[in-house]
Amino acid sequence: MTHPLVPQIIDLATPVAEELGLEVVGIVFHTNQRPPVLRVDIRNLQQDTGLDDCERMSRALEASLDAAQIILDAYVLEVSSPGISRQLVTDREFISFKGFPVVILTSQPYNGQQQWTGQLIRRDETAVYLNQKGRVIQIPRSLIARVQLDERR
């Protein structure tokens, strides 16, 4: 379950990231740890995300969080890159990873299977398209539970 402060933190962090040429791709607030840990995953929109990007975001976000006083108690801020082993969600990710091997999991069987692998062709409003050994496979978006990069290849 998402911590109730996360939407406010996203609203604060998004413009901070955009000003730095970065994108916020995920925020989790782990309050079960002492002190609590606020983890912010970012991505550089122009190049591979580096340590410098994480440091710049950390400094800028820390100042904004302190000024906004959203989190009143002590906490640890961790800014990092989510890495390559993640789901594709945004239109930008589907464009960026065109031609990459992906695994698609469906919520129910489609043409007799729930897991599909192939090279990502594209995504439109109705389907995700894969190349499987030269054959184009069209999987309805309404059935897709998850699309992620295939690290096995």
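Is Asp 53 buried or exposed, and what is its relative accessible area? Asp 53 is buried, at a relative accessible area of 4%. The structure is a predicted model, and a search of the whole of it finds six salt bridges. Side chains of opposite charge can pair when their charged atoms come close.

**Within helix H2**
- Asp 53 and Arg 56 form a salt bridge through their side chains, with an N to O distance of 2.9 Å.
- Both residues belong to helix H2, which covers residues 51-68. They sit three residues apart there, about one turn of the helix.
- Arg 56 is partly exposed, with 28% relative accessible area, whereas Asp 53 is buried.

**Between helix H3 and strand S5**
- A salt bridge joins Asp 91 to Arg 123, and their closest N and O atoms are 2.5 Å apart.
- Asp 91 is in helix H3 (residues 91-96) and Arg 123 is in strand S5 (residues 113-123), so this pair ties together parts that are 32 residues apart in sequence.
- Asp 91 counts as exposed, at 51% relative accessibility; the cut-off for exposed is over 50%.

**Asp 41 and Arg 39**
- The salt bridge between Asp 41 and Arg 39 has its closest N and O atoms 3.0 Å apart.
- Asp 41 is buried, with a relative accessible area of 14%.
- Arg 39 is partly exposed, at 30% relative accessibility.

**A salt-bridge network**
- Glu 23, Arg 43 and Glu 93 are linked to one another in a network of salt bridges.

Notes
Residues are numbered from 1 along each chain as its sequence is written. This is a predicted model: local features need pLDDT of at least 70, side-chain atom pairs count only at pLDDT 80 or more; totals for chains, interfaces and linings use all residues. Side-chain values use heavy atoms; hydrogens and water are left out. A salt bridge is a side-chain nitrogen of Lys or Arg within 4 Å of a carboxyl oxygen of Asp or Glu. Buried means under 20% relative accessible area, exposed over 50%, partly exposed in between (1.4 Å probe, protein chains only). Helices (H or I, at least four residues) and strands (E, at least two) are DSSP runs, numbered from the N terminus.
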